[in-house]
Amino acid sequence: MTNTIGDIETADMILVTGSNTTENHPVLSSFVKRAVKFRSAKLVVVDPRKIKLVEYADKWIRQAVGTDVVWINGLMHVIIKEALFNKTFVNDRTEGFEELKKTVEKFTPEHVEKITGIAKEDIIEIARMYATAKAASILYCMGITQHICGTDNVKSLANLSMLCGHMGKPGTGVNPLRGQNNVQGACDMGGLPVVFTAYQPVSNPDAVKKMENAWGVTGISTSPGLTATEMIPKAHDGIIKSLYIIGENPLVSDPDLNHAEKCFEDLEFLVVQDLFLTETAQKADVVLPSTCFAEKDGTFSNTERRVQRVRKAVEGPGDAKIDWAITCDIASRMGYPMSYNSSEDIFEEIRIVTPSYAGITYDRIDKTGIHWPCPSIDHPGTPILHSAQFTRGKGLFHAIDFIPPAEEPDNEYPLNLTTGRVIYQYHTGTMTRKTEGLNERAPESFVEITQKDADKYNVKNGKKVRVISRRGEIEVIVQISPKAVDGTVFIPFHYAEAAANRLTNGRLDPIAKIPEYKVCAVKLAS
Amino acid sequence: MGEQNKIIINNNELSFKSGETILEVAKRYNIDLPTLCHLKGSVPTGRCGICVVEIQGMDNLRAACATKAENSMIVFTESKAVVDTRKKVIKEFLSMGNHNCAVSRPSGNDWTHFQMKVQADDNSAELCPAWGDCRLQDLAYRYQVTGEKPAAPYQTDPMEIVNPFIIRDSSRCILCGKCVKACREIQVNDAIDFDNADAPKKIIAGDNKPLKDSECVFCGECIQACPVGALVEKDARFDRGWQEKKIKTTCTYCGVGCQIYLHVKDNIITRVTGVEGVAPNYGSLCVKGRFGFNFVSSPERLTKPLIKENGKLREAEWDEALDLVASKLSQIKKDHGPDSIGVLTSARMSNEDNYIAQKFARAVLKTNNIDHCARL
C-alpha cells in the first residue's frame with residue numbers, strides 16, 4: 001500500500017475494486033465501513049459480484065469480467081475531457097500525459113459501456129466523484145491482478161490516481177491489499193527471481209558485488225530466474241530437475257492443476273518443507289517438518305509495509321525445526337556453512353544489505369511496527385509513500401490499451417468462471433480446515449450462480465453439479481446466490497477435493513507472470 | 001480568563017486537549033476511573049452509570065465518559081456521593097441477573113453449602129465462566145458490594161450454544177450495550193441490537209434468531225468487549241485466564257498483520273485476543289484470527305523428516321534426511337547446472353526465513369530461480 005490502513009478512514013472517497021474486502025481482509029474492511037458510516041466518505045465498489053461491501057456503497061458498478069482497463073481508461077477519458085484532473089500534480093510530478101491522453105481518447109463512455117456493460121452515466125458519475133474528492137483512496141486486490149492483463153490493470157489504477165493527484169497525501173493512494181501475512185516481506189526479502197532484498201536488481205553489477213561481499217561468495221548469477229508459475233511447467237520440459245518447496249502447496253493453489261501434477265511427476269528430486277503432509281508434500285522425495293508462526297521468533301511485513309514482531313509462544317511438535325535453521329543446515333552440508341544464533345542475528349544481516357530496512361531493529365519494533373522505507377536508526381519510517389517525489393523521480397503515465405481475457409465463453413463452454421476465497425477458510429485450507437468451527441461454517445466447495453443461470457442450465461440449489469473446463473472437471477454443490485452475475489459463476493479455491501484450480505487457465509500476464517485465475521470458460525453438467 | 005485548558009481532578013491540576021472527555025483526561029493521567037459500558041472508538045452514552053464523577057457547582061453527578069472537560073472544572077472521582085452512587089449501580093447490576101459469584105452473600109456460613117446452592121440456583125448448572133475475569137465482579141470487590149437474589153425472574157432464555165464459537169447467556173447480561181457498540185461502531189456488522197430501544201430486556205441478533213442464522217460473521221469483537229459472563233468463547237469458557245501466559249505476536253492469516261495475544265497453557269494456545277490500542281487493528285480481529293488456530297496443535301502436524309522409499313514415505317532422522325537433500329541437490333547442480341534447481345519460498349514465513357531461502361538459492365545453488373506464492 002502507498003498509504004496506511006488507518007489512513008483509509010481519512011479518505012473522502014474510497015474506490016474498491018477486485019477486493020472482496022469483508023471476507024478476505026475483514027479487519028481492514030471495518031476501516032472502510034467506518035469511513036462510510038461515521039465520516040460520510042463516499043464508497044464506490046467496482047466488482048462483478050454483489051459482494052457484502054456493496055451494501056455499504058454509494059455506488060456499485062458491475063463490470064464484465066476482465067474489462068478493467070476499459071472502465072479505468074473510461075474514467076480518465078471523462079476526467080480529461082471535463083478538465084477535472086489535477087493540473088499542478090500532472091505538470092510538476094508526472095510525465096507521459098500526452099500519450100495517456102491520446103490513448104484514452106477513444107474510451108468514450110459509450111465505447112466503455114459497449115465493452116464493460118457499465119452504463120455510460122455511471123462512468124461519468126464515478127469519474128466526477130473520484131476527481132473532485134478532496135482525498136480519494138483506491139483499494140484493490142486479486143480481482144485486479146489475476147488476469148493476463150494484471151500489470152496493465154494496476155498501471156491503469158496508478159494512472160488514474162496520478163491524474164487526479166490522489167497520491168502522497170493522507171486518505172489517498174493506490175493500495176493493494178496483500179492476501180497473505182508476509183507476501184510483502186517475502187518480496188522485500190528478495191524472494192523473487194529478479195531482485196535481491198529491497199528490490200535491488202540481480203542484473204545490477206553493483207548489487208551483485210554488494211551481496212557477494214556480504215555473503216563471502218563469488219559467481220552469483222546475474223541472469224533473471226524463473227517465477228513459480230514458470231518453474232513448474234519447465235519441469236515438464238526437463239529444464240527444472242529439482243524443486244525445494246518451503247511452506248507452499250502448489251498442487252492446490254496452482255492454475256491448471258491436472259497439468260501441474262504431470263509436471264511434478266517429471267521432477268527428479270522434490271523436497272517439501274511444511275507443517276503438514278500437504279497434497280504437494282505427498283509427492284515429495286524428502287519431507288522436512290518445520291515450525292509454525294506461533295513457534296518462532298521473527299518479523300512479518302504487513303500490507304502497509306509495517307515490519308512487525310513475531311514471537312514464540314509454544315514449542316513445536318516432535319523434531320520440527322524453524323525454517324531458516326533447516327535451510328542453513330542444508331547449505332552447510334553443501335559446503336557453504338550458514339549458521340545463526342537467532343532470528344535477530346539474521347535480521348541484523350538483513351539490515352546491512354537492505355537499505356529500506358536499515359533503520360529497523362527488534363528493539364525499535366518491540367511495541368509497534370515501523371513502515372519501511374526506514375533508512376537509518378533515527379528515521380521514523382514512512383507511512384505514506386511518494387509524498388515529495390516518486391522513486392524514479394517523476395511519475396510515469398503508461399498509455400495502456402485493452403486486451404481481452406485469454407479464454408472467453410463460447411458455445412461449448414458458455415460460462416465465465418472466477419475464483420476466490422470465503423471468510424471462514426484461507427488459501428488451500430491446510431491451516432483453517434484444522435479448526436472444526438470454521439469447517440462447520442464453510443464445510444465444502446460450491447459453485448455460486450444466479451437463479452437465471454441455474455434455470456437456464458437446469459441445476460438445482462444444494463444439489464451437486466459437475467463444472468467442466470477445457471483442462472479438467474470437479475463436482476461441487478450449487479449455491480444460487482444474489483452475489484452472482486448472469487453468465488459468470490464463482491468457486492472458492494480452498495478445497496483440495498474439489499480444487500477450482502483443476503479448471504483454471506495457466507495463461508500468464510507477460511510481465512508479472514500471474515495466472516488468469518479470475519477468468520476462464522466453463523460448462524455445467526449434472 | 002485564567003490559564004487555558006486546565007482541569008482539576010482530585011485536587012491535581014491537569015492540562016487537557018479541547019474536546020477531550022473527563023474520562024479521557026483521567027485515563028491519560030492514570031487516574032483509575034472505573035467503566036463498564038465504555039468502548040474506545042465508539043460514541044459514549046453514559047449508559048451504565050459507573051464512571052460518574054462529582055463536578056463542583058453542579059447538582060447532579062455526571063458520566064465522565066460523556067462529559068467534556070472544561071477549563072477550571074473541579075472534579076472528584078471518588079467522593080462520597082460518587083461512591084454511594086456506584087455502590088447502588090453495582091448492586092442493581094448484581095441483582096438484575098444470574099450473578100452468582102462469591103460476591104453474593106451466602107445464606108449459610110458454609111462455603112460448600114453456598115457452592116451447592118449456587119449450582120442449584122443456576123439454570124445452566126455451572127458457575128459463571130467469567131469468574132475472576134469479570135469487570136462487574138472486580139467492581140463489587142472494589143466497592144465491597146454484595147448482590148441479592150433478584151426479586152423478579154431474570155432473563156431465562158436458554159444459553160445459545162448452537163454456533164461453534166460464541167456462547168450467549170442473557171441471564172448474565174447487564175444490558176450495558178458494549179457488545180452492540182462493538183458490532184455496530186467498530187466492526188460495523190450491525191448483527192446485534194437491544195430488543196427494544198426504550199425498555200430493553202435483552203440483546204438480540206436480527207429479529208431474535210441464533211447468531212449462526214444472523215448477519216454475524218463471528219469476529220468475536222463482542223466477546224472481547226463484554227465486561228461480564230454474557231458472551232464467552234465456547235472452546236475457552238472454562239479456561240482460567242490467570243493460569244495462562246499471554247504472548248504478543250502478529251497474526252499469520254491475511255496481510256493486515258493484526259497484533260494478537262496468544263494465550264498459552266501447557267504449551268497449547270487456549271485462545272486469542274486482539275491487542276488493544278495498537279495499530280493496525282486496535283484490538284479488532286476476524287473469525288480466522290480469533291478462532292482459527294487449532295492447526296498449531298493438530299495431531300496431523302509433521303513431527304519427523306520423511307524419506308520416500310519404494311513409493312512410500314517413511315520416518316527418518318534429521319541427519320539422514322538432510323544429507324540426502326544436500327547430496328542430491330549437489331549432484332543435480334553438478335550434472336545439470338544451477339538453473340536446473342528451483343526454490344519456492346513462502347509468503348507465510350518470516351522475513352528471516354525468506355531471507356535465508358533466497359540467500360541459499362543465490363549464494364549456495366547460484367541460481368535466481370527463487371520465487372513464492374505472491375501471485376496465487
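## Chain B, chain A and the contact they share

Let's start where the chains meet: the contact draws 112 residues from chain B and 155 residues from chain A, with contact meaning heavy atoms within 4.5 Å. In chain B, the residues that lose the most area to chain A are B:Leu344, B:Arg375 and B:Leu376, together 8% of what that side buries. Between them, chain B and chain A bury about 11200 Å², and 62% of that is on carbon and sulfur atoms; buried area here is the accessible area (1.4 Å probe) that two parts lose on being put together, summed over both.

A quick word on provenance: this is a predicted model, where local features need pLDDT of at least 70 and side-chain atom pairs count only at pLDDT 80 or more, while totals for chains, interfaces and linings use all residues. Residues are numbered from 1 along each chain as its sequence is written, chains are lettered from A and ligands numbered from 1 in the order in which they are written, and side-chain values use heavy atoms, leaving out hydrogens and water.

Now for chain B by itself. It has nine helices and 16 strands, taken as DSSP runs (H or I, at least four residues, for helices; E, at least two, for strands) numbered from the N terminus. Chain B is more spread out than a compact globule, because its radius of gyration is 28 Å, well over the 21 Å that the globule rule gives for 376 residues. That radius is taken over C-alpha atoms, and the rule is 2.2 Å times the number of residues to the power 0.38. Along its principal axes, the C-alpha trace of chain B spans about 90 × 60 × 40 Å. Still, 59% of the 376 residues of chain B count as buried, that is, under 20% relative accessible area, with exposed over 50% and partly exposed in between (1.4 Å probe, protein chains only).

Over in chain A, A:Pro193 sits in the loop between helix 10 (183-188) and helix 11 (205-215). A:Pro193 is buried, with a relative accessible area of 4%. Its contacts, leaving aside neighbours within four places in sequence, involve both chains, including A:Val202, A:Thr227, B:Arg362 and B:Ile370. The C-alpha atoms of A:Pro193 and A:Thr227 are separated by 6.1 Å, with the two residues 34 apart along the chain.

A:Asn153 belongs to helix 9 (residues 150-163) of chain A. A:Asn153 is buried too, with a relative accessible area of 0%. Neighbours within four places aside, A:Asn153 is in contact with A:Asp68, A:Val69, A:Ile72, A:Ile144 and A:His147.
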